[in-house]
Amino acid sequence: MIPRSPFFGRRIPSLTSVTSPSVDLPPVLALVPHQDDELLIMGAALRNAIASGRGVQLVLFGLGDGTIVRTRDMPRLLGYEPTGAEIGAVRDREFTACAERLGLSASAVAMAEPRQHEKVFDPAVTRRTIQSWLRRMPYAEVWVVSEYDANRDHATMGRVVRDLWAEGE
């Protein structure tokens, strides 16, 4: 059975920071584990939500330090292997630029606190961080990667959101 949205058939109360001025749909809280997931996984849907006037808050959870590109490709291209922090900083700039190109303002893009190292997302830390965003945007429609994804960080985020949903949060 597919769970029904808690907003099905109801008018959404007015919201605080992120609003949906032109439609009776809740704002979107888009939670992404890694830089590039906002585009590769949610890009078209984010663009459509923005174009339709829905408020969107995009939140990045990972540091961007575990990409295979850092050890596989960068040494050949740069002549040295960049640190996780160096590659993460580059990926953060790409993330911010991509969000802007999708149509998001700087205030609609956030970095989760705390951010986690790639490939080792801790479910308890992920849960607390997601809960803090749910408290900020209690009426938001949450978008997240699938709990069935082969990527461990993606699956962790998907499972945490699934569990919170099942618990009524």
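This is a predicted model: local features need pLDDT of at least 70, side-chain atom pairs count only at pLDDT 80 or more; totals for chains, interfaces and linings use all residues.
Reader: Why is Leu-40 called exposed?

Author: The label exposed requires over 50% relative accessible area, and because Leu-40 has 66% relative accessibility, it counts as exposed. Leu-40 lies in helix 1, which covers residues 37-40, and together with Leu-39 and Ile-41 it forms a nonpolar patch on the surface, with about 300 Å² of accessible area for the three together.

Reader: How do you know that the span of helix 5 agrees with its number of residues?

Author: The expected span is 1.5 Å times one less than the number of residues, so the 19 residues of helix 5 (residues 84-102) should span 27 Å, and the end C-alpha atoms, being 26 Å apart, agree with that.

Reader: What makes the buried residues of helix 5 line one face of the helix?

Author: The buried residues of helix 5 are Gly-84, Ile-87, Gly-88, Arg-91, Asp-92, Phe-95, Cys-98, Ala-99 and Leu-102. Seen down the axis of helix 5, these buried residues fall within an arc of 145°, and therefore they line one face. The face turned away from the buried side carries the exposed residues Arg-93, Glu-94, Glu-100 and Arg-101.

Reader: What makes the contact between Glu-167 and Arg-127 a salt bridge?

Author: A salt bridge needs a side-chain nitrogen of Lys or Arg within 4 Å of a carboxyl oxygen of Asp or Glu, and the closest N and O atoms of Glu-167 and Arg-127 are 2.4 Å apart. This pair links distant parts of the chain, with Glu-167 in the segment after helix 7 and Arg-127 in helix 6, 40 residues apart. Both residues are partly exposed, Glu-167 with a relative accessible area of 48% and Arg-127 at 25%.

Reader: Why does Glu-147 count as buried, and which residue does its side chain meet in a salt bridge?

Author: Buried means under 20% relative accessible area, so Glu-147, at 19%, counts as buried. Its side chain meets that of Arg-162 in a salt bridge of 2.5 Å, N to O, where Arg-162 belongs to helix 7 and Glu-147 to the loop between strand 4 and helix 7, 15 residues apart. Arg-162 is partly exposed, with a relative accessible area of 36%.

Reader: Why is Asp-73 called buried?

Author: With the cut-off at under 20%, Asp-73 counts as buried because its relative accessibility is 16%. Asp-73 forms a salt bridge with Arg-72, the closest N and O atoms being 2.8 Å apart.

Note on methods: Residues are numbered from 1 along each chain as its sequence is written. Side-chain values use heavy atoms; hydrogens and water are left out. Patches are made of residues with over 30% relative accessible area and no salt bridge: like charges are joined within 9 Å, nonpolar side chains (Val, Leu, Ile, Met, Phe, Trp, Tyr) within 5 Å. Accessible areas come from the Shrake-Rupley method with a 1.4 Å probe; for residues, only the protein chains shown count as cover. Helices (H or I, at least four residues) and strands (E, at least two) are DSSP runs, numbered from the N terminus. Buried means under 20% relative accessible area, exposed over 50%, partly exposed in between (1.4 Å probe, protein chains only). The arc is that of the directions from the helix axis to the C-beta atoms.
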